[in-house]
Amino acid sequence: MSRLTAVPLNGARSGSALARLATVFALTLACAGATTGLLNAPAAQAQTVSDGSLSFSGDAGDYISGGQSYSYATSSGDGLDTYASTDDSHISVSVNGANGDWWYLDLAAPGGQALAPGDYTGATRYPFNSAAEPGLSVDGNGRGCNTLTGSFHIADVTFGPNGYVQKLDATYEQHCEGGSAALRGEVHIDNPAPPAVLDLGVSVGLTGKASTLDGKATIGGTVSCNAPVKVSVTGDVTQVAKKVLIKGSYATSVDCEPGTPIAWTAVADPTGTTPFQKGDVEVNARASAVDPNYGQLVTANQTAVVSLDKSTSVS
């Protein structure tokens with residue numbers, strides 16, 4: 001059986017963790033018989049390790065290490081990145097060595113369980129491990145196992161929100177292609193406490209305008225946040241007037257800053273021939289923004305009854 005050899009990507013960061021994540025995801029979808037946590041729990045965005053190290057060495061005959069020893073640390077100028085699945089079942093660590101080396105370590109708990117201190121035996125190649133098996137993979141510098149067996153021990157692990165890896169201390173052992181030669185290593189990560197998740201709020205003002213010139217409704221409200229973000233506000237305006245259903249959608253965006261709520265206004269154009277009129281309407285508002293720290297979409301919703309007054313200006 002031929003060995004699977006990784007092809008370096010172009011660019012300075014040939015071992016890009018995010019590029020590899022996309023490749024692994026595509027391979028996983030293509031593997032009909034594989035069952036992995038990646039399908040059900042996407043990874044959070046990669047984070048730079050502020051203080052960490054990764055090292056390994058191999059027996060003579062080990063394909064990945066070539067029987068050599070490798071050691072990398074942030075204190076030595078090597079770059080380490082990490083990311084985890086949002087259910088904390090999988091951690092990946094990537095190395096961008098100052099000497100040009102690039103390596104990856106993947107550790108995954110069986111059955112989508114959250115990784116926790118303890119021994120994980122009977123591991124097979126991540127991401128093609130079955131739901132009953134832990135997942136493990138050490139690869140890089142153009143070398144990878146087609147199949148592998150191994151184990152790992154987690155001495156300590158601490159997660160923050162959305163797969164943030166604050167702390168990881170683990171050792172691992174890997175055997176390629178069922179061979180007796182082993183690769184053994186350890187990884188240590190100590191990151192700062194995780195930043196707060198994005199807290200987003202939206203409100204709908206209780207008054208608005210119905211234009212007698214173009215039939216559109218102008219409504220508004222405020223958004224609030226705990227981090228600077230661009231917030232998209234979308235929704236619908238619904239009114240029943242003289243037994244006729246009048247409905248229109250709207251969309252706008254505002255730059256939100258922590259502190260004082262930021263005002264938003266939008267115009268809803270009726271979809272039919274009947275214009276919005278003076279009176280009560282139902283307005284639902286959905287605010288959405290991407291968390292700048294975790295890359296996750298955050299939303300907030302509110303529905304309110306709004307009183308429209310007549311306006312003689314064009315909305």
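Visitor: Cys 145 and Cys 176, are they buried or exposed?
Guide: In this predicted model, Cys 145 is buried, and Cys 176 is buried too.

Visitor: What joins Cys 145 to Cys 176?
Guide: A disulfide joins Cys 145 to Cys 176, with an S to S distance of 1.7 Å.

Visitor: Where do those two cysteines lie?
Guide: Cys 145 lies in the loop between β8 (135–140) and β9 (148–159), while Cys 176 is in strand β10 (residues 165–176). They are 31 residues apart in sequence, so the pair ties together separate parts.

Visitor: Which hand does the link of Cys 145 and Cys 176 have?
Guide: The link is left-handed, with -60 degrees about the S-S bond.

Visitor: Changing topic. How many disulfides does a search of the whole structure find?
Guide: The search finds two. Besides the link of Cys 145 and Cys 176, there is a disulfide from Cys 225 to Cys 256, with S to S at 2.2 Å.

Visitor: And where are Cys 225 and Cys 256?
Guide: Cys 225 is in strand β14 (residues 217–225) and Cys 256 is in strand β16 (residues 244–256). This pair links distant parts of the chain, 31 residues apart.

Visitor: What about the angle about the S-S bond there?
Guide: For Cys 225 and Cys 256 it is -110 degrees, and that link is left-handed.

Visitor: Why is Cys 225 called buried?
Guide: Because its relative accessible area is 9%, and buried means under 20%. Cys 256 is buried as well, with a relative accessible area of 1%.

Visitor: Last one. What pattern do the disulfides of the chain follow?
Guide: Counting bonded cysteines along the chain, the pattern is 1-2, 3-4.

Note on methods
Residues numbered from 1 in each chain as written. Predicted model: local features only at pLDDT ≥ 70, side-chain atom pairs only at ≥ 80, totals over all residues. Heavy atoms only, no water. Disulfide = S-S within 2.5 Å. Helix = DSSP H or I, 4+ residues; strand = E, 2+ residues; numbered from the N terminus. Buried < 20%, exposed > 50% of the residue type's maximum accessible area, 1.4 Å probe, protein only.
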